[in-house]
Each structure stands twice: as structure tokens, then as C-alpha cells.
Amino acid sequence: MKFSRLYLTFIFFVLYMPIFYLIYYSFNSGGTMHHFESFTLDWYKEVFADTRLLIIVLHTMIIALLSSSLATIIGVFGAITIYYAKHRWKQTLLTLNNVLIVSPDVIIGASFLILFTIAGIQLGFTSVLLSHIAFSIPIVVLMVLPKLQEMSPTLIDAARDLGANEWNILTKVILPYITPGIFAGFFMALTYSLDDFAVTFFVTGNGFSTLSVEIYSRARQGISLSVNALSTLLFLFTLVLVVVYYVITQRASAKGGQK
Amino acid sequence: MRRYAYAIPYWLWIGLFVVAPIILIIYYSFFDIEGHFSLVNYETFFTPVYLRMTVNSFWYAFLITACSLLIAYPTAYLLTKTKHKQLWLLLIILPTWVNLLLKAYAFLGLFGTYGAVNALFEAIGIGTKQLLFTDFSFVFVSVYIFIPFMILPIFNALEKLNPSLIDAARDLGASEWTTFRRVIFPLTLDGVKAGCQAVFIPSLSLFMLTRLIAGNRVITLGTAVEQHFLVTQNWGMGATIAVFLMIAMASIMALTGNKKWGVRQ
Amino acid sequence: MDDRVIIRFNHVTKQYDNDLPVLDDVSFEMERGKFYTLLGPSGCGKTTILRLIAGFIEPTKGDIYFHGKRMNNVPANKRQVNTVFQDYALFPHLNVFENVAFGLRIKKIGKEDIERKVKEALRFVNLEGYEQRAIHEMSGGQRQRVAIARAIVNEPDVLLLDEPLSALDLKLRTEMQYELRELQRRLGITFIFVTHDQEEALAMSDEIFVLNKGKIEQRGTPKDIYDEPVNRFVADFIGESNIITGTMIDDFVVEFANQQFACIDRGFAKNERVDIVIRPEDLELTTVERGKLRVRVDSVLFRGVHYELCCYDTYGNEWLVHSTKKADIGEEIGLHFEPEAIHVMKRSGGE
Ligand SMILES: Nc1ncnc2c1ncn2[C@@H]1O[C@H](COP(=O)(O)OP(=O)(O)O)[C@@H](O)[C@H]1O
Ligand SMILES: [Mg+2]
């Protein structure tokens, strides 16, 4: 028992150590990540004075919200398509759906780069947005599909029996039932979009940048404590997002009465 | 019919972003750097340089996966025994929401010559070591980044396990170890498989880590693809490597034969 | 056409892919305002008939008529039929009131009317005051009632019930049997009730259809079916029976167990091989001398109201006897029965 507690403590320590390390040194006036001189908020001021960085943050948010919303809409209908598909098709569709999930990011990035170049889409906002939508769709599908499959098929029969047409069935039975899955899918897509580096790096071009790409290019130039300050802010933002997500899902499940 | 109308965007997505990219990659692999149709990329791939790189990539991916599994399984198992396990699980997931690059960046500080780890080494008398830009740091940071994705499916598999099966095994005289080996582990194999897939595949494309942490010492196929597409502009060669990566992926998926994809919650 | 007929199946066949037909050339008529039961073993096609009537599936061959109109291609949401599903199929994201109101809302009925009709339907099934409950807060029996209320609130001509009682415990089940029968009388609409439980079928129905392997073996009132099963399958399914093979010597004379007996059946060919049914409760325990059959008691079970004796005659035929008298295992006893207790049936082919 003692050993197991020690083990878990160690795992959690290692897991959080780097994050808190970053946060700790974001208040260091010394400018390095190893010798703490004195407390300062200068790095935060630097972050908020950096309009280029703030625009990048804004871009990242816009891309994340837009791509995850659109991916959620397309993904939900994708999941319904798979759900209704005849048995033979179902497996094929699922396999195609999962291709992007099981592909390494570099391949996705490289192939999208080719695609956009051929299609004549300029690298930048559009290409990044399209890529994010594209890799988020299968995630949404995978979050929604189990909800659909858990739904008893007689529920749809029952609705039809009570006079519902296809549209009623969709809006009054299926969508309300899978709402928790839709939320989960949306938030999953949001995090994937905020987190993505590799795919974006391939299709981003010169003029446009997201946070990940920006952090990468700054980190390659060595340590700069404004990156620490930025990561602290992002961590706080993530915490807020987690809490919001938690509250929403709790409420949804309390209302729906399903576990 | 209307039922099919709402599926149109999804079908478009499959066509444009799933099928077309695969075809494009294969198509481009047959063009050399001047844009002439040729098989030269395939010839190049079968030279010792690339073959060694392939072996290397898979070796590192394997190492990362194996280390993750070895650390993650006990963690997941012990987590299921804790009181507020959903909360602890959330705490395991939380770091995955921190941008991967920020975590890598943190290790630049931690593993630096004067970083916290070397300070600790100094204090216990091992002495300062070169940590950054080594194979070790690459594997360590990769495991650090991926471990939640290994813990999660195993945790879910363990949670789904019917506890009376364990009681039954004990009742039939199995020791704790035998129970684990003969009952618990086989029944959580699906979770293990899902976790291994979730770690192995992305660990092939960690070019940013090789650049930041491993100082270009570790050149994997992922790094090479990035190099060819974004630096040397030899798309044909990059596409060829991608083709082999895709073949490798497909065979791994077929081998593990896991129909139920490891859905993260 | 008789205008009391509400549903007519005309040579209906239902087949999935290239499997054996699930329903094989079935024809029947059902009348307005009666309680029908489809009875048969699991997998015999009962649910398939209901789904054809409800409109969830279409027949492969043949026609289905409602009020004399062909309905094959009319979708489920356009039929004056409602279903109570085996798993109730209540919408988990809606409360009791909204579940019951679902069909009315689809029809865009006015708010007050909905309120009134839902209340009335819930009162019908004794669930007043439960409007705002969530489905998962209701017990099995209550969910059952919600499902019924949700169906009848739409005032269907026909109510389909697919094994609605099978998920309930014995006591609740008996209670619901009474209630359903009562409900049908009050509503005066046609009920088509599916079950694999013969006692349930006998207790509730105006008319029973006994199904086997996609065919209707027999239809009739509970009494007809119980007393005059047309073949071995029906006799066996409808209750515990002694079924043995025999020979029709002549009209009113049948031979089995190497003896000839008087009976009340006629119209068979001379020396035709037949199946004989004698119900266990029609066999009477007596002494060896007074019995028409001489058997040895093999086992005795106490069943509460009676003893169940399992006996063998010298030819190896098994005889099940229900008797208030007890006998000892191994004892030789006689069995007495009246000529009316012998039911002679045509042999069903193949066995
Ligand atoms: N969608 C389907 N596809 C293939 N076979 C089916 C389908 N639905 C039902 N069946 C088959 O039809 C037969 C009758 O089913 P059903 O009517 O549900 O029987 P029950 O009398 O138990 O209600 C069963 O053998 C079942 O396997
Ligand atoms: Mg059935």
C-alpha cells in the first residue's frame, strides 16, 4: 500500500513538475530557467505588450472555435450516416473515418500541403482552418457514434410509430439523445485544434501563425521567459476550459438522466 | 432524399481529405526533385542511409511505447484503487491539454546544463551530465508526453473489468500474480492495444522533439518527411517515405486487429 | 367485405436476404374491438407480424389491408396504429409528460388539448401526478404504463403490444394482465398482444393465433385451442399434455398403448396413424383393476394445488398425471379417463 502511494505520488510529481517549473520561472527577473533572482511580472507585461503575439493568440482561438464548430456539425451527420449505413458499408466507412486518426501527423501535414498546393489554395488562414476541420471530424464522429449505438433502435421505431417523420426523428429524438456526445466531441476537437503543431506547421505558410508554431520558433531560439509567462496564462485558460466542460457535461447528464 | 443530403459534407470530407491525400502522396512518390516521373525515390529509400533511419524510427517508437506501457499499466491499476479515481484520472488527463511544445520547452530548462535535474545530480554527488541533445532525453520527453494516452485506455479497460471475475479467480485458488497474469491482463488487452496504438503512431512523427530536445541527433522518418517537404523541397522523396510509413501503419493496424478504436473520453 | 374487419393479411411473406422466410404465406383477418394474441415460441415471427402492421417493415410478398385499403407502402408515421414496445422505448431525455405528449406535439395539436389529453391518458393508466418525473425515476411497472399511455393518447384504431409484460415480475404481471384486458374493454379498440406465455394468452384473449416457424398453426378462442388443438405442436405448446401416436381403427374407435378405446372423433381414414392428446388433469388415479391404463409411478412432484405424477406404461409411453391424490414411487396404479378426454389429431408431417 505504501509502495503504491509512493509510486503514484512520483508519477504525479513527474507529470506536473515541468508545468510548475515553467510557471515558477515565469516570475524570475533573472531571465534564465535555473537561477531565480527575484519576483517580477515583467514577462507578463512583455506578453501583453507584444501585439504580434496577441494577434496570433486571437487567430489560434478563431481557428479553434470555427474549426471545432464546423467539424462538430459535419461529424455529427457523419456519425449518423455511419449509424444508418448497411452492415458492409459500415465497416468501410469506419475505416475511412479513422484513417486520419491513425495517421502520423507528418503524413497528414504533408498530404494536405500537396492538396492545397494542387487546389491552388493559398497557405494561411484558409488552409489551416480547413486542415483543422479535416482532422477534427473523425474525432467528433468517434465521440458521437458510441452514443448513437447505445441508443436503442426501438426508440426510433417508437418515434415513427407516434407519427414522427425523418426530420422529427432527427431533431426530437436523435440529437437530444446524443447531446452529451456532441459536447464531448466539440471539446475534443477544440483541444486538438489548440494543441496541434505538426499539421499546422506544414500548411501554415509564411504570413500566418498559430500559437504552437510561434512557440516552436521561439523555443528554437533558446529560452525566453515570456514564453514561460505565456504558458502560465495558457495553463490557466486550460483549467477554465476544463471546469467549463466539466460543469456542462455534469449538467447535461443530470438533465438527461443518463450516466 | 433528405436523409442523404445532410451527409454530403461528410462524404466530401472523405473524398477530399481522406482518399485524395492518400492518392496524392502515392502519386508524388513517383516524381524526382525535377518533377520527372521516375522510381529514383524508391531506389534511394532502399539505400543503407534510409534503411537505417527506418530501423531507427521503429526502434525509438518501440522504446517509447514499451517504456510508456511499463510505467502506465501500474499507474492505471493503482488509480483504479484510489478513492476519488475520476478526479485523479482528470489530473492525469490535464497535462495533455498543455501544449506539447510548451512541455518540450520546459525540458529545455529542466535538462539544461544548470537546470534543476543537473542541480539535483550535483547535490547527490553524481555530477553534472549532458542531458539535452541525447537519445535519453528524446525518449524521456516522448514518454512524458504520451503517457496519459497509454494510461487512459488501460484505466478504462480495468474499470470495465467485472470485479467478481477477480474474486472468482481467487476463489479458484489463483494467487495474486496468477490472477493478474491469467485473468486481469488478458481481459485488459484491448486497452493495452489501444494505448500502444495511441503512442506508437504519433511517436513516429515527433520531428519537433528531435529538433528541440535531441538536437537533430535522432533522425526519424518523421523528421525526414518534414525535412524533405519544408526544407529541401524534395516532395517526391518525402512522399516516398510517407508511403512506407503508411504501409507500416496499415500493417500495424491489421496486426493488432483492433476493431474497437481506442476512443479517448 | 365485412366492415368489422380492420386488418387483413393476404398471402403475406417476409424474407430477409436469402434466408428461410420469417413469415411464410400468412393470411388472416382481424376484427374491430377484439383482443387478439399472437402466441408462439421465440423466433417464430410474432414481432415480425407486429412490425408489418406498424409499418416498420414491408412484406416481401402479399398485401396488408387496413379497413379494406392496401397499406403496404404507407410509412409507419402515417398509420392509425400505435405500439407498446417490449423494452418500452421511452425517450430517456424527456419526462413522463413529454413522452406521452410526443405524438400529439408531432401532430401540432393545441397546447390545452395536449395538456388535457395527456392528463386523461395518464389517469387511464393510474399515473396521475407523475407528469414531471424523469423516466429513470420510474419503476418497471410504471414505465410500462407510461408506454401504454403514450400509445393510447393518440387514439389509434389498433394497439400493438410486443411482449409488454415479459420484463415484469410474476405478481405485477398478473395484475397487469387484468388491467390490460380491462383497458381494452374500456377503449373498445383492437389490441394485438404478443406473448410466448400460453397461460397469459389463454387468460386474456378473445382469440389466439398460434404461430410456429412463420406459419399460423391454429387460430381460435382460448377454449377451442385448449380443448381442440389441431396438431401436436399446438397441443404441446398450449399446455402440458400427453401426446402419443396411435391408430384410428374406425370412427369413434382409436388404438394406442396396444388397446382400443372409445372416443368421440370421426372422419379419419381406416387405420390412419394419428396423434393422441390427453391432458394430465383429465387422467384420474385409480386402482390397477379399475384403470383403463396400467402404469408404474416414476416420480412425484408437489405442485401446490396438485401432485404431478410422471408414470410409464409397459410400452414405454410417458404419462403425466395431475391429481390431488398422492402415489408412491414405484407403485403400480391404474389410470381412468372419459372418451371425451381423448383428442385425436392428424399427424403433423415430418416428425
Ligand atoms: N432484420 C432482420 N434480419 C434478418 N433476420 C431477422 C431480422 N429480424 C428478425 N429476423 C429473424 O426473423 C425471425 C423471427 O423474428 P421475430 O419476429 O422477432 O420472432 P419473435 O416471434 O420471437 O418475435 C427470427 O429468426 C429472426 O432471427
Ligand atoms: Mg419478439
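Trainee: How much area do chain A and chain C bury between them?

Mentor: Good place to start, and keep in mind that this is a predicted model. The size of an interface is often given as the accessible area lost when the parts come together. Here, chain A and chain C bury about 1900 Å² between them, with 62% of that on carbon and sulfur atoms. Three residues, A:Asp161, A:Leu162 and A:Lys172, supply 36% of the area that chain A buries against chain C, more than any other three residues.

Trainee: How many residues does each chain bring to the contact?

Mentor: Chain A brings 20 residues and chain C brings 22 residues.

Trainee: And which side chains meet in a salt bridge there?

Mentor: Look for A:Asp157 and C:Arg51, whose side chains meet at 2.8 Å, N to O. The count between chain A and chain C is one salt bridge, alongside eight residue pairs in polar contact, both residues of each pair being at pLDDT 80 or more. On the chain A side, α7 (153–161) and α8 (166–195) each supply at least two residues that touch chain C. Of the elements in chain A, α7(A) gives the most to that side, with seven residues.

Trainee: Let me try chain C. Is C:Thr13 buried or exposed?

Mentor: Residues under 20% relative accessible area count as buried, and C:Thr13, at 7%, is therefore buried. You will find C:Thr13 in strand β1 (residues 5–14) of chain C. The side chain of C:Thr13 reaches the backbone nitrogen of C:Asp25 at 3.1 Å. Beyond its neighbours within four places in sequence, C:Thr13 is in contact with residues including C:Pro21, C:Leu23, C:Pro59 and C:Lys61.

Trainee: Last one: which residues of chain A does UniProt list as a domain?

Mentor: An unreviewed UniProt entry lists residues 57–245 of chain A as "domain: ABC transmembrane type-1". Over residues 57–245, chain A is 85% helix and 0% strand, and the end C-alpha atoms are 21 Å apart.

Key. Residues numbered from 1 in each chain as written. Chains lettered and ligands numbered in written order. Predicted model: local features only at pLDDT ≥ 70, side-chain atom pairs only at ≥ 80, totals over all residues. Heavy atoms only, no water. UniProt positions renumbered as here; feature names shortened; annotations may be inferred. Helix = DSSP H or I, 4+ residues; strand = E, 2+ residues; numbered from the N terminus. Buried < 20%, exposed > 50% of the residue type's maximum accessible area, 1.4 Å probe, protein only. Polar contact = N/O pair within 3.5 Å; in protein donor to acceptor, adjacent residues only side chain to side chain. Contact = heavy atoms within 4.5 Å. Buried area = accessible area lost by both parts, 1.4 Å probe. Salt bridge = Lys/Arg side-chain N within 4 Å of Asp/Glu carboxyl O.
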